[in-house]
Amino acid sequence: QVQLVESGGGLVQPGGSLRLSCAASGFTFSSSVMSWYRQAPGKERELVARITNTGGSTNYADSVKGRFTISRDNAKNTLYLQMNSLKPEDTAVYYCKRSYTNLWGQGTQVTVSS
């Protein structure tokens with residue numbers, strides 16, 4: 001079954017950290033460019049970070065540069081997003097996506113609040 005399943009979201013205080021995971025199955029993960037997106041209430045879904053199939057190149061939205069790190073483990077078919085120095089404006093549902101396709105995960109909620 002072709003799918004992406006996110007995990008690791010939750011409630012965290014400002015300045016805290018979370019690591020999101022995205023388990024991939026049913027396709028050749030190691031050949032796929034992968035991305036993280038997020039959607040806050042009342043806002044459009046936006047690209048957060050993207051990583052090439054080997055992990056050799058990454059890019060980030062300006063709003064998360066220096067705070068978030070995208071990575072992958074092709075042996076485990078898993079994509080990660082390490083989020084540090086979280087801010088209330090990072091509150092959103094976070095989705096992983098197989099880039100250049102319409103394959104999305106179901107999303108995981110991240111809430112940053114004191």
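Predicted model: local features only at pLDDT ≥ 70, side-chain atom pairs only at ≥ 80, totals over all residues.
Residues are numbered from 1 along each chain as its sequence is written, and side-chain values use heavy atoms, with hydrogens and water left out. Local features required pLDDT of at least 70, and side-chain atom pairs were counted only at pLDDT 80 or more, whereas totals for chains, interfaces and linings use all residues.

Strands are DSSP runs (E, at least two residues) numbered from the N terminus. Strand 4 spans residues 34-39, and because five of its six residues are buried, it is largely enclosed by the rest of the structure. Buried denotes under 20% relative accessible area (1.4 Å probe, protein chains only).

Strand 4 runs antiparallel to strand 5 (residues 46-51), with five bridges between them; strands are taken to pair if DSSP finds at least two bridges. Trp 36 lies opposite Ala 49 of strand 5. Six residues separate the two strands of this hairpin, in which Gly 42 adopts a positive phi near 75°. Strand 4 is also antiparallel to strand 9 (residues 92-98), through six bridges, and Ser 35 faces Lys 97 there.

Ser 99 is located in the loop between strand 9 and strand 10 (103-104). Ser 99 counts as buried because its relative accessibility is 7%. Beyond its neighbours within four places in sequence, Ser 99 contacts (heavy atoms within 4.5 Å) Val 33, Met 34, Ser 35 and Arg 50.

Terms used
Buried < 20%, exposed > 50% of the residue type's maximum accessible area, 1.4 Å probe, protein only. Helix = DSSP H or I, 4+ residues; strand = E, 2+ residues; numbered from the N terminus.
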